[in-house]
Amino acid sequence: MAASPVVPAGGRRQQILTVAAQLFAKHGFHGVSIADLGAAVGVSGPALYRHFPGKEALLAEMLIGISEHLLAGGQARARSSDDPRTVLRALVEFQADFALREPELIVVQDRDLANLPVEARRRVRLLQRTYVEIWVDALQRVHPGLPVESARIAAHGAFGLLNSTPHSAPGLDVQRAPAVAAVLTRMALAALLDLTG
């Protein structure tokens with residue numbers, strides 16, 4: 001393996017999840033061994049089994065956890081205002097912030113979802129669909145009469161734009177992140193607010 005990932009502060013379990021996301025994003029799920037993970041967090045490979053029964057369980061907790069985080073954040077923003085445009089802006093800003101803070105998770109989600117056990121994959125898909133429907137509802141409130149399928153397509157298009165950060169802004173430094181987030185947010189909102197034009 002090449003350069004070691006940065007081991008974050010926090011509990012050992014969270015450290016393992018964070019470092020695993022970095023390694024999986026860089027090398028792929030099958031390109032990382034338990035020994036690699038252990039070395040990256042400073043423990044023996046077998047010691048990881050005290051925290052996770054295996055790589056699949058680690059991947060499941062990683063992807064279910066981030067899906068639950070996104071859903072909870074989306075629900076909070078949907079409740080934050082009675083103005084649908086304010087809600088839509090809050091959703092876009094929330095997703096942009098996530099995409100800039102967690103680019104590794106976007107890569108892992110895109111590439112390694114199929115490596116989850118069946119039940120965990122179903123759970124992630126259900127959480128994701130529920131999150132998308134929050135966006136669909138917000139878009140239909142902004143654009144009364146917008147068909148559900150059109151709103152769903154628009155939401156996925158916005159995700160594609162906002163989640164492009166691992167490819168469009170790799171290795172983004174903290175100082176540039178707000179400017180990148182502002183550009184992505186403006187672009188996504190411009191598209192989402194102009195669906196009936």
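On the H3 side, the residues in contact (heavy atoms within 4.5 Å) include Ala-60, Leu-63, Ile-64, Ser-67 and Glu-68. Their partners in H6 include Ala-120, Arg-123, Val-124, Leu-127 and Gln-128. By type, this contact divides into eleven nonpolar, five polar and two charged residues. Here Ala, Val, Leu, Ile, Met, Phe, Trp, Tyr, Cys and Pro count as nonpolar, Asp, Glu, Lys and Arg as charged, and the others, Gly among them, as polar.

A quick word on the model: it is predicted, with local features needing pLDDT of at least 70 and side-chain atom pairs pLDDT 80 or more, while totals for chains, interfaces and linings use all residues. Residues are numbered from 1 along each chain as its sequence is written, and side-chain values use heavy atoms, leaving out hydrogens and water.

Back to our pair. The axes of H3 and H6 (lines fitted to C-alpha atoms over the stretch in contact, with angles from 0 to 180 degrees between N-to-C directions) come within 9 Å and cross at roughly 20°. That makes H3 roughly parallel to H6, a label for angles under 35 degrees; over 145 is roughly antiparallel, 65 to 115 roughly perpendicular and the rest oblique.

Now for H1, residues 12-27. Its axis comes within 8 Å of that of H5, crossing at roughly 55°, so H1 is oblique to H5. Phe-24 and Lys-26 are among the H1 residues here, and Val-108 and Arg-111 among those of H5. Six nonpolar, two polar and four charged residues make up this contact.

Finally, which residues are closest to the centre of the largest pocket? A pocket, on a 1 Å grid over the protein atoms alone, is an open set of points where a 1.4 Å probe fits, with protein on both sides within 12 Å along at least five of seven lines; lining residues have an atom within 4 Å of a point. Of the 19 lining residues, the closest are Gln-109, Asp-110, Gln-128, Phe-159 and Asn-163. H6 gives the largest share, five residues.

Definitions and conventions: Helices (H or I, at least four residues) and strands (E, at least two) are DSSP runs, numbered from the N terminus.
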